[in-house]
Amino acid sequence: MQEMMRSFGVPVWKKAPFLRFLPPLISGILIQLQLHFQLPELLIAVVGFVIAYVAGGFLPLSLQFKLNVLQGFVINLLLVTTGAIVIYNQDIRNQANWAGHFYTIQDKLTVTINEEPIEKLQTIKAEGSIENIVHNGKQIKCTGKILIYFAKDSSVLVPSYGQIIVINKNLQAVRNSGNPGSFDYKRYLAYKNIYHQVYLRSADYTLLRAENIDPFRHFIFNARKNILGILKTRLHGHERELSIAEALLIGYTEDLDRNLVQAYSNTGVVHIIAISGLHLGLIYVMISWIFQKIPLIRRSQVARVIFILSCLWMFSFITGGSASVLRSAVMFSCIVIGKGIGKGAIIYNSLAASAFILLCYNPYFLWDAGFQLSYLAVFGIVIFQRPLYHLFYAKNKLIRQLWQLSSVSIAAQIFTFPVCLYYFHQFPNTFLFTNIMMVPLSSLILFAEIILIGLAWMPFIAGLLGTCIYGMVWLMNNIILWFNQLPYAVYSNISITPVSTLLLYVIIILIALWLFYKSKTALILSLSCSSIFFATRAFEYWKSNTARKIIIYNIPQHVAIDFIAGNSFRFIGDTVVSNSLLYNFHLKPARISLYLDKDMESLPGLVQQNKFFKFAGTSLLLIDSQVTYVPLHNKIMVDYIVLSKNSNISVKGLLETFLCKQFILDGSNSLWKIVKWKKDFEQLHLPFYSVPEQGALIIAGSDLSNSPYE
């Protein structure tokens, strides 16, 4: 196996030491996330490992040589502990002055707006930093972050970056929808150290005159605002093209048309409209070429590295300094420095070093899809592009260049497609053709936009550039939309588990070892892993095919219920949910994760009479309007009653008509109505379930056949 991993006679890991440092650091992060060691325990471990390593240096040389493996093991343990300490320090809940340790209901908060508010469909969203908690008239200095949603009406004066407000409304804990397959929003915000949110109307806060502005962040926000202003001026009246231009240059996605974004995703070029390594790579190529032409800089390797790094970071900050572009800047900085030092396997060391630095800065990047895809794509290109390119040789220069670009796209796709299947549940079948056309075109657009920003003070030239940018973006959009409309353009609705994703990567690596090094062992192992992969998939399909479920979804202001039999389902609820973006956000992920592909008007085993349903031996009544029920001596037995749409129903009145196993309050109800119903249920000692507070309710398995009323 060692021979397979050798490059130019020297093992890759000896030429790239950070490749050895990265796995133990990641292991430490994962271990700490599961076991939650306290800081004193971690510090004691660090001291112990350091003492063990230093003590080894005082041993006789012959003994040091024999214990060389043990010393390496101690270093790895030290790196594991470092990873644990890094994530411990990153978790704001471990800080003594975290606001969550002090906050109680009815406390007031002094909060600084730490970003420019973003306008959403129904609210205006901003992130705030807690400065003080006012408890019983006393101020407690603390720290923490919250999400703030301002009401969208004329009476609300939305503060801007740096302004300070006093909030006199209770915070709400961040919750997930609980819908199957849904995005784990709670974990996403927790990894940004945000655990609370609040919705504010004008009477819920007071805007203070004081400000708390960081000059550097203020500069970034102003630069971003000015760039957006220039683009909006030069592309005025072309909203779709403007939104793509904004996303392409600075990663501003708030104006994007969601259907257009889906088309980019379906055709495998969504990376074009998300600031990533591609953009920094293009900038790097451009400035490297420019500095290669300047004699004074060309003669000095150090000067060239300094100037290239300066330009990369200047672009990163001026375009808004988003997390994704800064990650890419760190990656390319390590690559530039690595190339300035040496060649060969140093590219692996540069990539691993940049990942090491980023994870030490913020270990939660490990769960960021952008972070994962960026590194997987680059590693894929580094490992596979050259062997793929040499598989085919064309005498024609144009064909040779097209194949070179194709080999880059294929190499990047090899290492990213398992993660894409896991996160996005689809594979773009046309990715090769779209990337061949879109990468060069998007590069021209990006360079044109940079020149436009630099020459915005010259109206005539800026106007011409704006027209050219509009034309190129229009062409790019229409090509993407055309490809998206082709039959079988995308293989979608793929559900894949984390275990299956890891198996795919093992299979890819083993097949690569077999192809590149003719290893029979790798071939046998790859076939074995493939068998396990397909057996796992077959078991998942079999399990889903035998399932019977009822799902009451958590969708704000809407009724949504699925009755499921195998891979077939029947939807009951608001039709708008199935015909809007709500479907993509709530229902589609659930149906993909449950392998549902048949929407049936007549579902086997489901009996419906008005709003009363009987399915797999379980009865369910949906009450979504004002209905008067007649008191009965022989009460109607029903397993579940779903209360929806703020229906004006008396709980005591229902009990005169029905015997119910559990009451369900779905997401279509207002919180004030849920609070009122909950008081009634608690007073009468009745079982109930609040979907908005507890997440979607899945009635499955024994719950469907264990009706006490049969």
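# Chat about strands and a serine

Student: Which strands make the hairpin with asparagine 136?
Tutor: Strand 5 (residues 123-135) and strand 6 (residues 138-141) pair in the antiparallel sense over four bridges. Pairing needs at least two DSSP bridges between two strands; strands are DSSP runs of E, at least two residues, and helices are runs of H or I, at least four, numbered from the N terminus. This is a predicted model, with pLDDT of at least 70 needed for local features and 80 or more for side-chain atom pairs, while totals for chains, interfaces and linings use all residues. Residues count from 1 along each chain as its sequence is written, and side-chain values use heavy atoms, leaving out hydrogens and water.

Student: OK, what's the bridge partner of isoleucine 133?
Tutor: Isoleucine 140, in strand 6. The hairpin has two residues between the strands, and asparagine 136 takes a positive phi near 55 degrees there.

Student: New topic: what's the order in the open sheet of five strands?
Tutor: The order is 17-16-15-14-24, with mixed pairing. Strand 17 (598-599) and strand 24 (697-700) are the edge strands, each pairing on one side only.

Student: And how many bridges join strand 14 and strand 24?
Tutor: Four, in the antiparallel sense, with strand 14 covering residues 548-552. Isoleucine 551 stands opposite isoleucine 698 of strand 24.

Student: Last one: is serine 406 buried or exposed?
Tutor: Buried (under 20% relative accessible area; exposed is over 50%, partly exposed in between, 1.4 Å probe, protein chains only), with a value of 6% for serine 406. Serine 406 is in helix 16 (residues 397-424).

Student: What does serine 406 contact, neighbours within four places aside?
Tutor: Leu432 and Ile436, where contact means heavy atoms within 4.5 Å.
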